[in-house]
Amino acid sequence: MRNVGLRSRGGWWPALCIGTTGCILAVYILLVTSNWIYLGWHDTLYFFSKSRMWERFWLTVWTATISTSISLFIGIPAGYALSRFRFPCRYLFASIIDLPIVVSPAVVGAFLFGITTRFPFDWISEFYGIYIGRNVYGVLLVQFTVTAAFCARLMKASFDMIPVRFEMVSNSLGAPPFRTFFKVVLPMAKNGIIASMIVVWARAAAEWEGLMLFVGATEGKTDIMPFAIYLDWNGGMMGWVTSMSIVCILMAVSAISAMKIIGGRSNVW
Amino acid sequence: MSGNGQRRKVFNSFFYSFAGFLFLYSAYLFLSNIDQLFVTEAAIKTREVTDIWGEDREVLNQFAGGFWKDVYFWKSLNLTLAITLITTFIATILGIPTAYALSRYRIPGKSVVEILFSSLIVMPGSVIGICLIVMFNYGPLWEMQNWLGFKFAHSIFPGMVIASLVLSFAFGMSAWKATFDSVNPRFEQVARSLGSSRWRAFRTTTLPLAKSGIVAGIILAWTRAMAEFSAVLFFCGTFRELPASRFSDFTKLLQMDQADWVSVAVWAQVEFGNIEYGFALAFVLVFIGGISVYVMHRIGAKGYVW
């Protein structure tokens, strides 16, 4: 940062850049820490010691884990297909796959209303006696819908970073395609996949807009943490709201830190 | 050799089937809801019994709630498009210098800054909304608003812009940062050594090289602003039922009074019982989002961070 001062010719530009960055950072740090400042240390400890908080936390964790594993099961092969195969109208198909993450999740939740009462879902739920709607299965379905496309997108980015050349070499040496995939592509993409997995998990744990219309919150059954914030906010319980948003912020920040440590790149993901 | 081709076929169809599943799921998710737009007998009867819609009932009983005849729809669309354009403009003005600084200069604690901006992307929207409420409605910022004489929360003009700016900026900034990272700083150094000033070196070398990425970031920021829901819901709420006296003449002039953010309007209408109307608004949002994501794929947006 030497010679950045206003004296050097055109030096106002770096000064402007750094000044803007400083202001923006101050606002965002204030935004993220405002809950701590509001709540204070002792109240934070009080709310953190309540079991109601940790019941909601574990509900969030296990629903996000299950929906992430289903998303990974579908997202890894789909991401590979999107990354490697060339087919006509590729962009159109990719856009439609991306639609559930591009439109507002509240809208996706409204659309899930329709799909669960129609052809495959009504058969499945009748046959297995599962009701998908205002219970934990509804939570899982919402989380899956939003994270599956997201997961495919991240996996596509991870596979894009691996040169196709390695697969070509492996194929030319006589390895069948599946062996190439499992022995060459997957080990090379391992870090990217783990990093993406963490981000997908964090995204699943952050999902709540879709629940608003489709699931609703039942205390102790479907009130995953981001939704419980809305619920308690409507109930006027500001202490619960701020302490739960502190937990959510910590979850997001620790997930992203873990991703950075593993070596995922946040910008191209 | 034919065995090899067979294997390749099995391999391709295995991977295609997963992508195809996602495609079919997503397409079916949206297409299966088209019949929600048609008004059912039950809905007509319910509206007769409850009788809270009054004269509007005839319009609501039409296809898709007769949304194109409702001035609320046009005002909401106007409001959302205008606010998202303002948001994108502000995000671009602030985001490009910030992204450039984070990409090129040595800033202490840069990794912490990156973690902060990346974690905003996976933070629940409700947390963002609550943070905004706590930040602006308590403490020194609240004093500042009292001093200024107007409130940020529950208002259209600063409120909605602030609420949609938080995530829109974070998304756009990471896209622009990725773009500047991919441009070799050497070009700029050469321009500097040939006697350009710092600003001129940036404007004549890095900016043209990063042009497509910057456009992609702008589209991304706009799309994210359109997809905003929870921050607007927490920080601004709904405006339809408020009395006309609550809105300033300026908002009335811009045709933004008694209108809602479109995705909030979807929620409000479905909760209110106007399912067809809500789904019509939802399809409008899907259409807009589909176009912008298609454009993003077409221009090959690098740093596509959704």
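This is a predicted model: local features need pLDDT of at least 70, side-chain atom pairs count only at pLDDT 80 or more; totals for chains, interfaces and linings use all residues.
Helices and strands are taken here as DSSP runs, a helix having at least four residues and a strand at least two, and they are numbered from the N terminus. Read in that way along its sequence, chain A follows the pattern α-α-α-α-α-α-α-α-α-α-α-α-α.

- Of the 269 residues in chain A, 49% count as buried, whereas in chain B buried residues make up 46% of the 306 residues.
- Among the contacts in chain A between residues at least 6 apart in sequence, 78% join residues at least 24 apart; in chain B, residues 24 or more positions apart account for 76% of the contacts with a separation of 6 or more.

**Where chain B meets chain A**

- On the chain B side, 79 residues are in contact with 87 residues of chain A.
- Several helices of chain B give two or more residues to this side, among them helix 4 (71-104), helix 6 (125-137), helix 10 (198-209) and helix 15 (275-298), but the largest share, 17 residues, comes from helix 1 of chain B.
- By class, the residues on the side of chain B that touches chain A divide into 48 nonpolar, 21 polar and ten charged.

- Helix 5 of chain B has twelve residues and reaches 17 Å from its first C-alpha to its last, which is close to the 16 Å expected at 1.5 Å a residue.
- The buried residues of this helix are I115(B), F117(B), S118(B), S119(B), L120(B) and I121(B), and what covers them includes helix 13 (238-262) of chain A together with helix 8 of chain B.
- V122(B) lies in the loop between helix 5 and helix 6 of chain B, and this residue counts as buried because it has 24 C-beta neighbours inside 10 Å, where 20 or more are needed.
- Leaving aside residues up to four places away in sequence, V122(B) touches V199(A), A202(A), R203(A), A206(A), A252(A), A255(A) and I256(A).
- V122(B) and V215(B) are 93 residues apart in sequence, and their C-alpha atoms are 23 Å apart in space.

**Helix 8 and helix 11 of chain B**

- Helix 8 of chain B and helix 11 (residues 211-226) of chain B pack at an angle of about 160 degrees, with their axes 8 Å apart.
- These two helices of chain B are therefore roughly antiparallel to each other, the term used for angles over 145 degrees, and helix 8 passes helix 11 in a right-handed crossing.
- The residues that meet include S164(B), F171(B), G172(B) and W176(B) in helix 8 of chain B and G213(B), I214(B), L220(B) and R224(B) in helix 11 of chain B.
- Taken by class, the residues of this contact of helix 8 with helix 11 of chain B divide into ten nonpolar, six polar and one charged.

**Helix 5 and helix 7 of chain A**

- In chain A, the axes of helix 5 (residues 105-116) and helix 7 (residues 136-160) come within 11 Å and cross at roughly 125 degrees, which makes helix 5 of chain A oblique to helix 7 of chain A.
- The contact between them is made by P105(A), V108(A), G109(A) and L112(A) of helix 5 and by L141(A), V142(A), T145(A) and V146(A) of helix 7, and the crossing is right-handed.
- This contact in chain A has six nonpolar, two polar and no charged residues.

**Two residues with positive phi in chain B**

- Q255(B), although not a glycine, has a positive phi of about 60 degrees, and Q258(B), also not a glycine, has a positive phi of about 50 degrees.
- Q255(B) lies in the loop between helix 13 (249-253) and helix 14 of chain B, and Q258(B) lies in the loop between helix 13 and helix 14 of chain B as well.
- With 14 C-beta neighbours inside 10 Å, Q255(B) counts as partly exposed, whereas Q258(B), with 21 C-beta neighbours inside 10 Å, counts as buried.

Conventions. Residues are numbered from 1 along each chain as its sequence is written. Chains are lettered from A and ligands numbered from 1 in the order in which they are written. Two residues are in contact if their C-beta atoms, placed from the backbone, lie within 7 Å. Ala, Val, Leu, Ile, Met, Phe, Trp, Tyr, Cys and Pro count as nonpolar, Asp, Glu, Lys and Arg as charged, and the others, Gly among them, as polar. A residue is buried if 20 or more other C-beta atoms lie within 10 Å of its own, exposed if 12 or fewer, and partly exposed in between; C-beta atoms are placed from the backbone. Axes are lines fitted to C-alpha atoms, for helices over the stretch in contact, and angles run from 0 to 180 degrees between N-to-C directions. Angles under 35 degrees count as roughly parallel, over 145 as roughly antiparallel, 65 to 115 as roughly perpendicular and the rest as oblique. A crossing is left-handed if the near helix is turned anticlockwise from the far one by less than a right angle, and right-handed if clockwise. The expected span of a helix is 1.5 Å times one less than its number of residues.
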